[in-house]
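Hi everyone, thanks for making time. I'd like to walk you through one model today, so please have the viewer open and follow along.

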Amino acid sequence: MTRDHLLAAEIFAYSFADYAKNLQEGHIRFKEEMPNTVRNLEKAENENWPDEDLATAIDMDMTKTLLWKKRFRHALEVVDAPDPVTAFRNAVRQSIVNELGRHQLGDAELESAVTQVCFRTADLSFVLDKGQMKLSDCSVDLRSEG
């Protein structure tokens, strides 16, 4: 997948694996429409477009442009992170904030939760290594709702 596809997956809340599957199946929405939205969001960000222009370019209600800009910036924190661990930590942090935002977690509590998820991920990696498995072997199970 290209950077635009990864950003689209983040912005439109698809797992990378699901997005890749839809790309392989040739869905135009995933191949062209969502990446075009990404390119417009990035251009708007870089060129400081007025909200009206962004809303027109991405064919969205102008009242939602702040949300789309925020989604784009969050996607950048994951996709353009300097390394996979930082990308993962950023994604976990964003997910916790999205899910528990109404609970007003303090910064220390949020970072503690991120750290605990990372420890559990490291533990999963250890167990998988012992069983000579890869994380991708568990991808479908990890994406199921529990």
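Let's start with the layout. Reading from the N terminus, the elements of the protein chain go α-α-α-α-α-α-α-α. In other words, there are eight helices and zero strands. For a sense of scale, the C-alpha trace spans about 55 × 40 × 30 Å along its principal axes.

Before we zoom in, a word on confidence, since this is a predicted model. The mean pLDDT of the protein chain is 93, with 99% of its residues at 70 or more. Where is confidence lowest, and where is it highest? The lowest mean, 88, belongs to helix H8, residues 139-142, while H1 has the highest, at 97.

As for handedness, H1 passes H5 in a right-handed crossing.

Which residues make this contact? On the H1 side you'll find Arg3, Leu6, Leu7, Glu10 and Ile11, and H5 brings Trp68, Arg71, Phe72, Ala75, Leu76, Val78 and Val79. Sorted by class, that gives nine nonpolar and three charged residues, with no polar ones.

H5 has another partner to show you. Follow the chain on to helix H6, residues 84-100, whose axis comes within 7 Å of the H5 axis, crossing at roughly 145°. Here H5 contributes His74, Glu77 and Val78, and H6 contributes Ala87, Asn90, Ala91 and Gln94. What is the division by class at this contact of H5 with H6? Three of its residues are nonpolar, three polar and one charged.

Last stop: charges. The count for this model comes to nine salt bridges, and I picked one for you. Arg39 pairs with Asp4, and their closest N and O atoms are 2.7 Å apart. This pair links distant parts of the chain, with Arg39 in helix H3, residues 28-47, and Asp4 in helix H1, 35 residues apart. That brings us back to H1, where we began.

Technical notes
Residues are numbered from 1 along each chain as its sequence is written. This is a predicted model: local features need pLDDT of at least 70, side-chain atom pairs count only at pLDDT 80 or more; totals for chains, interfaces and linings use all residues. Side-chain values use heavy atoms; hydrogens and water are left out. A crossing is left-handed if the near helix is turned anticlockwise from the far one by less than a right angle, and right-handed if clockwise. Helices (H or I, at least four residues) and strands (E, at least two) are DSSP runs, numbered from the N terminus. Contact means heavy atoms within 4.5 Å. Ala, Val, Leu, Ile, Met, Phe, Trp, Tyr, Cys and Pro count as nonpolar, Asp, Glu, Lys and Arg as charged, and the others, Gly among them, as polar. pLDDT is the predictor's confidence in each residue, from 0 to 100. A salt bridge is a side-chain nitrogen of Lys or Arg within 4 Å of a carboxyl oxygen of Asp or Glu. Axes are lines fitted to C-alpha atoms, for helices over the stretch in contact, and angles run from 0 to 180 degrees between N-to-C directions.
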